[in-house]
Amino acid sequence: MQNMRHYVIMAVLVVVVAVLTYSGLNSLGLMPVAASAQALPIDWLFDLQVKAMAFFFAVVIVPLAYSLIVFRRRDGDTSEGEHIEGNTPLELTWTAIPLVIVIAMGYIGASNLAQIRAVDPQAAQIKVTGFQWGWRFEYPQGFTSNTLYLPADQQVVLQMESLDVLHSFWVPEFRLKQDLVPGRITEYRITPTRVGDYKVRCAEICGTSHAYMEAPVKVVSRADYDIWVADQTAQAQAAAAASAGQPDAGRGRTLYEESGCKACHSLDGSKGVGPTWKGLFEESVALADGTSVTADEAYLIESIKMPGAKTVEGYPPNAMPSFTYLKDGQVADLVAFIKTLK
Ligand SMILES: [Cu+2]
C-alpha cells in the first residue's frame with residue numbers, strides 16, 4: 001500500500017513534467033512557417049517525435065529525481081541496500097515495449113516518406129545549377145533566372161546539378177533538403193502552398209563564400225507566374241536577337257554579378273580569393289612560373305575558359321573553377337566588361 005503511493009505520485013509527476021517539457025519546447029518556435037504541401041506530414045511527424053521525447057525524458061528523469069530525494073540515506077542509517085538479482089518480467093517488459101515502439105515509428109516514418117514523395121505527373125520541371133557560390137535556374141521555356149519563381153499549389157520537380165563540389169538545396173519553409181552532387185542529377189519535388197518571399201541557402205560547407213550562397217525564392221500565384229514566364233521569355237528572345245553581333249559590357253557586368261565571379265574578383269583594386277579586375281586589361285601580369293604576359297583579349301578568354309592554363313603569381317593554382325557552361329558570346333561580354341575597368 002505504502003509502495004502504491006510512490007507509484008501514483010511518480011505517475012502524476014511524469015505527466016506534469018512531460019506536458020511542461022513539451023509545451024516548453026513548443027514555445028521556442030523552432031520552425032519557420034510551413035510553405036509547402038510536403039511540410040504538413042513532416043511537421044506532423046516532428047511534433048509526434050517531440051511529444052515522445054518529452055514523455056521519455058519525464059519517464060527517466062522523474063523516477064531518478066524522486067528516488068534521489070525520497071529514498072535518500074537518513075542520518076545514522078548505516079545499513080546495506082537491498083540486494084536485487086534480476087527481474088525477468090521487468091526485463092521482458094522493457095524489451096517488448098521499445099520493440100513495438102520502434103517498429104511503429106519505422107512504419108509511420110515510411111508512410112510519411114511516401115506522402116512526401118508522392119509524384120504528380122503534371123509537375124513542372126526546372127533545372128537548378130549550384131556552383132561556387134551561387135544558384136542558377138533554367139526554365140523549360142528557354143530562359144535563365146537567378147531568382148527561383150514558383151507557382152503556388154503546383155508541384156514542381158527541380159533537376160539539380162553541381163558544377164564543382166557538393167552543395168545542398170535548402171529552403172527551411174519548404175522543410176525538404178537535397179544535396180547537389182557533381183556528375184549526377186538529383187531531384188527535389190515540392191508543392192509550394194504559400195505565396196511569399198523565401199530564400200534558398202546552401203546547406204553544405206562548400207568553400208570560402210559558402211555563407212553567401214543564397215538566392216531569392218518567390219512563390220507567386222499561378223496568374224502572376226504565367227505573366228512572369230511570358231515576360232522572361234520575351235526578354236530572353238530580345239537579348240538573343242540583340243547579342244547576335246556585339247559583345248556588351250553591361251551584360252558582362254550582370255554575368256560578373258550573377259555567375260559567381262564577384263565572389264573572388266573585386267572591381268576596386270582590393271585582393272580577394274582571385275586578383276582584382278581593376279586596370280587588368282593590357283596590364284602586364286606576372287605568372288607563377290616566373291614569366292609574364294600581357295592581359296590582352298586572348299589571355300582573358302583563356303583565363304576564363306581554361307583557368308588552369310596560366311596561374312597568376314601569388315595565387316594558388318586551380319583555385320578558380322572552370323566556367324565551361326559560359327557560351328563564347330558570354331565570355332566576350334565578360335571581356336568587354338573587364339576592358340571598361342580602368
Ligand atoms: Cu554550396
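Tutor: Strand 1 and strand 2 (residues 134-138) pair in the antiparallel sense, with 5 bridges between them. Please keep in mind that this is a predicted model.

Student: How many residues lie between strand 1 and strand 2 in the hairpin?

Tutor: The hairpin has 2 residues between the two strands. Within this pairing, valine 128 stands opposite phenylalanine 137 of strand 2.

Student: Before we go on, what is the mean pLDDT of the protein?

Tutor: The mean is 90, and 98% of the residues reach 70 or more. Confidence is lowest in helix 4 (residues 222-242), where the mean is 86, and highest in strand 6 (residues 167-170), at 96.

Student: Back to strand 1. How many bridges join it to strand 5?

Tutor: Strand 1 (residues 124-131) is joined to strand 5 by 7 bridges, and these two strands run parallel. Alanine 124 stands opposite valine 156 of strand 5.

Student: And in which sense do strand 5 and strand 8 pair, parallel or antiparallel?

Tutor: Strand 5 (residues 156-162) pairs with strand 8 in the antiparallel sense, over 5 bridges. As one example, methionine 160 has threonine 186 of strand 8 as its bridge partner.

Student: In what order do the strands of that open sheet stand?

Tutor: The order is 3-2-1-5-8, an open sheet of 5 strands with mixed pairing. Strand 3 (144-145) and strand 8 (186-190) each have a single partner strand, so one side of each has no neighbour in the sheet.

Student: Serine 145 is in strand 3. Is serine 145 buried or exposed?

Tutor: Serine 145 is buried, because 20 other C-beta atoms lie within 10 Å and the cut-off for burial is 20 or more. Leaving out residues up to four places away in sequence, serine 145 touches Phe137, Tyr139 and Gln232.

Student: What separates the C-alpha atoms of serine 145 and glutamate 258?

Tutor: They are separated by 9.4 Å, although the two residues are 113 residues apart along the chain.

Student: Now the other sheet, with strand 4 in it. What is the strand order there?

Tutor: That open sheet also has 5 strands, in the order 4-10-9-6-7, and its pairing is mixed. Strand 4 and strand 7 (177-180) stand at its edges; each has a single partner strand, so one side of each is left without a neighbour in the sheet. On average, neighbouring strands of this sheet are turned by 25° against each other, direction ignored.

Student: How many bridges do strand 9 and strand 10 share?

Tutor: They pair over 6 bridges, in the antiparallel sense. In strand 10, valine 219 is the bridge partner of glycine 196.

Student: Which residues have the most contacts inside the largest nonpolar core?

Tutor: They are Val128, Leu148, Met160, Phe169, Val200 and Val217, in a core of 20 residues. The elements giving two or more residues to this core include strand 4 (148-151), strand 9 (196-202) and strand 10 (214-220). Strand 10 gives the most, with 3 residues.

Student: Which residues is leucine 148 in contact with?

Tutor: Neighbours within four places in sequence aside, leucine 148 is in contact with Phe137, Val200, Ala215 and Val217. Another core, of 13 residues, lies apart from the largest one; among its residues are Val331, Ala332, Leu334 and Phe337.

Student: Last topic, helix 3. How many of its residues are buried?

Tutor: The count is 0 among its 30 residues, and helix 3 is hardly covered. Helix 3 (residues 88-117) reaches 44 Å from its first C-alpha to its last, close to the 44 Å expected at 1.5 Å a residue.

Methods. Residues numbered from 1 in each chain as written. Predicted model: local features only at pLDDT ≥ 70, side-chain atom pairs only at ≥ 80, totals over all residues. pLDDT = per-residue confidence, 0-100. Helix = DSSP H or I, 4+ residues; strand = E, 2+ residues; numbered from the N terminus. Pairing = 2+ DSSP bridges. Expected span 1.5 Å × (residues − 1). Buried ≥ 20, exposed ≤ 12 C-beta atoms within 10 Å, placed from the backbone. Core = buried A, V, L, I, M, F, W, Y, C linked by C-beta atoms within 7 Å. Contact = placed C-beta atoms within 7 Å. Axes fitted to C-alpha atoms, helices over the stretch in contact; angles between N-to-C directions.
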